[in-house]
Amino acid sequence: MSDPHASARSSARNGTIAVGDAVELAVVERSGFVESRHAGAAIVLDAEGVVRLSLGDVEAPILPRSSMKPLQALGCLTAGVTLEGEQLALSTASHSGTDRHAAVVREILGRAGLGEDSLQCPPAWPGDTATRDELVRELGQPERVRMNCSGKHATMLLACTANGWDPGSYLDPQHPLQVHIREVIERLTGTKVSTMAIDGCGAPVYAMSLTALARAAHRIGTASERSPFALHRQAGALVRAVRENPWAIDGPGRPDTIAIERLGVFAKGGAEGVMIMTAPDGTTVALKTLDGSGRVATAVALSLLARVGALTAEDAAATMAQLPLEVTGGGREVGRIRPTV
């Protein structure tokens, strides 16, 4: 008998997970009625890096989007960049563009001897509502330094100036920096890159399976600063910087920051519903929602970590209560977005 999903799986290799190979990850409930369902795939590695749980097709390629930023940051660090504290955390951030975020990005650019006009990420309004409102009142305009990927771009520019590479073409996939970053990504994932796309910020992003992404996230999230290997030492320093400066990687009241502040996890969300999260004991989740919605990603990751015992159910629930998961009607809460895994 022919497999009804065979053609879909074949086409998915030129795209992402096929509909028939996804599983339900979360539902949206309104007044007790399931209004929407979020499907996708997820994988959990235990503290030793062994697969503990696999849901859906975790071998289909995905674009990690900003969940790849820790890998790109390590590419810059291994290319000779030295950053610490909040600057190091900003190197892997999808920040909300507050004045504090922008100031740190300017500090990184200053170390490179470059100005904001060297950034090649697109101009953007801050994601932080209060900051945006203030800029509008002051008749401000979208700025590259406010774009959520500007910390990554500033760090890439710093890597260029540290090595004498051309900063004007730093986003070219064949630029020495991008070639080096790709090699570091292959080391961390244990797989060769076969597909490249252009991310929303203009930088290269590489397709990989959720298994490969989880493997890289686990290696980063469990790395020791006392390792004999430089890559592991730098990964350990990166994780510590994020845990010590959770405001930097996302922003006050935003999902990654909330999870890191409350639970000490290492979390990095990506566009189109991607999430990586490593618990303090090293247990690691990588997931993607098939519809690209990121509104459930943090909650699903927390639920999966609790399911395998890496977090207590109480801690996961208390953290989810702080996330924007409420469904409103008439100005009051009438339901919730709820993980089902």
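This is a predicted model: local features need pLDDT of at least 70, side-chain atom pairs count only at pLDDT 80 or more; totals for chains, interfaces and linings use all residues.
**Entry 1: α7 and α8**

I began with a pair of packed helices. Two such helices are described by the angle between their axes and the distance between the axes. I looked up α7, residues 176-189, and α8, residues 210-221. Their axes lie 7 Å apart, and the packing angle is about 90 degrees. Angles of 65 to 115 degrees count as roughly perpendicular, and α7 and α8 are therefore roughly perpendicular to each other.

Next I listed who touches whom. From α7 come R187, L188 and T189. They meet A212, R215, A216, R219 and I220 of α8. I sorted the residues of this contact by class and got four nonpolar, three charged and one polar.

**Entry 2: α11 and α13**

I turned to a second pair. Helix α11 covers residues 255-263, and helix α13 covers residues 313-320. Their axes cross at roughly 145 degrees and come within 10 Å. Which hand does the crossing of α11 and α13 have? I found it right-handed.

On the α11 side, the contact uses I258, A259, R262 and L263. On the α13 side, I noted D315, A318 and T319. By class, this contact of α11 with α13 has four nonpolar residues, two charged and one polar.

**Entry 3: two residues of α12**

I then looked at L304, which sits in α12, the helix of residues 297-307. Is L304 buried or exposed? Its relative accessible area is 0%. Buried means under 20%, so L304 is buried.

I checked the contacts of L304, leaving out residues up to four places away in sequence. L304 touches A42, V44, L53, L55, V285 and V341.

Beyond its neighbours within four places in sequence, S303 is in contact with M320, P339 and V341. V341 is on the contact list of L304 and on that of S303.

**Entry 4: cysteines**

A disulfide is a covalent bond between the sulfur atoms of two cysteines. How many disulfides does the count give? It comes to zero, taking sulfur pairs within 2.5 Å.

I followed up two cysteines. For C76, the nearest cysteine sulfur belongs to C160, 8.0 Å away, and C76 is in no disulfide. C76 is buried, at a relative accessible area of 2%. For C201, the nearest cysteine sulfur is that of C149, at 4.0 Å. C201 is in no disulfide either. With 2% relative accessibility, C201 counts as buried.

**Entry 5: positive phi**

L139 has a phi near 60 degrees. It lies in the loop between α5 (129-137) and α6 (150-163). Exposed means over 50% relative accessible area, so L139, at 73%, counts as exposed.

E272 has a phi of about 65 degrees, also positive, and is not a glycine. I found E272 in the loop between β8 (266-270) and β9 (274-278). Its relative accessible area is 42%, so E272 is partly exposed.

Notes. Residues are numbered from 1 along each chain as its sequence is written. Side-chain values use heavy atoms; hydrogens and water are left out. Axes are lines fitted to C-alpha atoms, for helices over the stretch in contact, and angles run from 0 to 180 degrees between N-to-C directions. Helices (H or I, at least four residues) and strands (E, at least two) are DSSP runs, numbered from the N terminus. Angles under 35 degrees count as roughly parallel, over 145 as roughly antiparallel, 65 to 115 as roughly perpendicular and the rest as oblique. Contact means heavy atoms within 4.5 Å. Ala, Val, Leu, Ile, Met, Phe, Trp, Tyr, Cys and Pro count as nonpolar, Asp, Glu, Lys and Arg as charged, and the others, Gly among them, as polar. A crossing is left-handed if the near helix is turned anticlockwise from the far one by less than a right angle, and right-handed if clockwise. Buried means under 20% relative accessible area, exposed over 50%, partly exposed in between (1.4 Å probe, protein chains only).
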